[in-house]
Amino acid sequence: MDKDALNEQTEGESPENGVVVWTVQEEYARERIDKYITEAWEEDISRSQVQQWIEAGHVTVNGRTVKANYKLFSEDLISVTVPEPAAAELAPENIPLDVAYEDSDVIVVNKPRGMVVHPAAGHPSGTLVNALMYHCKDLSGINGEIRPGIVHRIDKDTSGLIMAAKNDASHNSLAAQLKEHSVTRRYLAVVQGNVAHDQGTVDAPIGRDPHDRKLYTVTEKNSKTAVTHFTVLERFGDCTLLQLQLETGRTHQIRVHMKFIGHPLVGDPVYGRSKGIFMEGGQALHAAVLGFVHPSTGEYLEFSAPLPGDMEELLARLRSR
């Protein structure tokens, strides 16, 4: 199975075979490897956990195991083979799901803001996967015990539609469509500032931010093509409501591209700074439309999810000023 479609969604933190890789930049030379990995990890993780991975041989530098106090050199290649939690740790949980569509091949769920898609360091339970395991009983096994059925991701603090596969044939079909960029993915977002152009395209490659390893940025170095199309739906002077369509699906793509053009998302705790407009619980970003060809019938299906209450409340405040 070619997992490029999933990797495109989770590039950097969950690549194929659970291996995370970094190339050390000059500014981090002489830093301890356990400190580097702890700060670079996208999820919250303790330094002691990283040290356990190093001790167990899950971490290599240039193909060789090292100790936790190893001092890095520029251009060192760090590789972490992420040990999956024991199967017993991943249990079905009776968490309510807002199901937009379901049949024997696929399920489409409207994920609430704040829900993590699959278990990871710092989020062992309460995830969409835990809820799907309780609800479905049958999910594809291609991505292993920790990510059953998961074909793509949306950020924890982004709400909206996400699809999961119930069998391996469906998983292969949906993953191939993602890789070919034929899946329809339209988002609604409130961004800071007045977007001058009614529509446009951001075509700018995304990679790791060399100044903060937890973040992504527009860069030519160690990056991949990223394309986002936008259309202005409503202007509020100091904020703009946009519809955005993804052509590619890089990690944090919309958030990074909107910051790049000078219009970060309202409420984004990482890529945006508040300018008097607030939204609790995360960025004002909602995966509103999801469309794909059904793996068995060949029929094109398209689903939409209404804006969540927090974004509706934000828009009401902006319109009433």
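Arg 186 stands opposite Gln 245 in strand β14, in a model that is predicted. Seven bridges join strand β8 (residues 184-192) to β14, and these two strands run antiparallel. Strands here are DSSP runs of E with at least two residues, helices are runs of H or I with at least four residues, and both are numbered from the N terminus. Two strands count as paired if DSSP finds at least two bridges between them.

Residues are numbered from 1 along each chain as its sequence is written, and side-chain values use heavy atoms, with hydrogens and water left out. Because the model is predicted, local features need pLDDT of at least 70 and side-chain atom pairs count only at pLDDT 80 or more, whereas totals for chains, interfaces and linings use all residues.

**Strand β14 and its partners**

- Strand β14 (residues 239-246) is mostly covered, with six of its eight residues buried; buried means under 20% relative accessible area, exposed means over 50%, and partly exposed lies in between (1.4 Å probe, protein chains only).
- Strand β13 (residues 227-235) also runs antiparallel to β14, joined to it by seven bridges.
- In β13, Thr 228 stands opposite Leu 246 of β14.
- Three residues lie between the strands in the hairpin of β13 and β14, where Gly 237 takes a positive phi near 90°.

**Nonpolar cores**

- A nonpolar core is a set of buried Ala, Val, Leu, Ile, Met, Phe, Trp, Tyr and Cys residues joined through side-chain atoms within 4.5 Å.
- The largest such core has 20 residues, and those with the most contacts inside it are Trp 22, Ile 33, Tyr 36, Ile 37 and Ile 78.
- At least two residues of this core come from each of β1 (19-23), α2 (33-40), α3 (47-55), β2 (59-61) and β4 (77-81).
- Helix α2 gives the most to this core, with four residues.
- Not counting residues up to four places away in sequence, Tyr 36 touches Trp 22, Thr 23, Val 24, Tyr 28, Glu 31, Leu 72, Ile 78 and Arg 213; contact means heavy atoms within 4.5 Å.
- Another core, of 17 residues, lies apart from the largest one and includes Tyr 187, Ala 204, Leu 244 and Leu 265.

**Salt bridges**

- A search of the whole structure finds 14 salt bridges, each being a side-chain nitrogen of Lys or Arg within 4 Å of a carboxyl oxygen of Asp or Glu.
- In helix α2, Lys 35 and Glu 39 lie four residues apart, about one turn of the helix, and their side chains meet in a salt bridge (2.9 Å, N to O).
- Lys 35 is partly exposed, with a relative accessible area of 30%, and Glu 39 is partly exposed, with 35%.
- A network of salt bridges links Glu 31, Lys 35 and Glu 39.
- Arg 235 forms a salt bridge with Asp 198, with the closest N and O atoms 2.8 Å apart.
- This pair links distant parts of the chain, since Arg 235 is in strand β13 and Asp 198 is in the loop between β8 and β9 (199-203), 37 residues apart.
- Arg 235 is partly exposed, with a relative accessible area of 35%.

**Helix α6**

- Six of the eight residues of helix α6 (residues 253-260) are buried, so the helix is largely enclosed by the rest of the structure.
- The buried residues of α6 are Gln 253, Ile 254, Arg 255, Val 256, His 257 and Met 258.
- Asp 155 forms a salt bridge with Arg 255, the closest N and O atoms being 3.0 Å apart.
- Asp 155 lies in the loop between α4 (128-136) and β7 (159-165) and Arg 255 in helix α6, so the pair ties together parts that are 100 residues apart in sequence.
- Both Asp 155 and Arg 255 are buried.
- Just after α6, Gly 262 takes a positive phi of about 85°.
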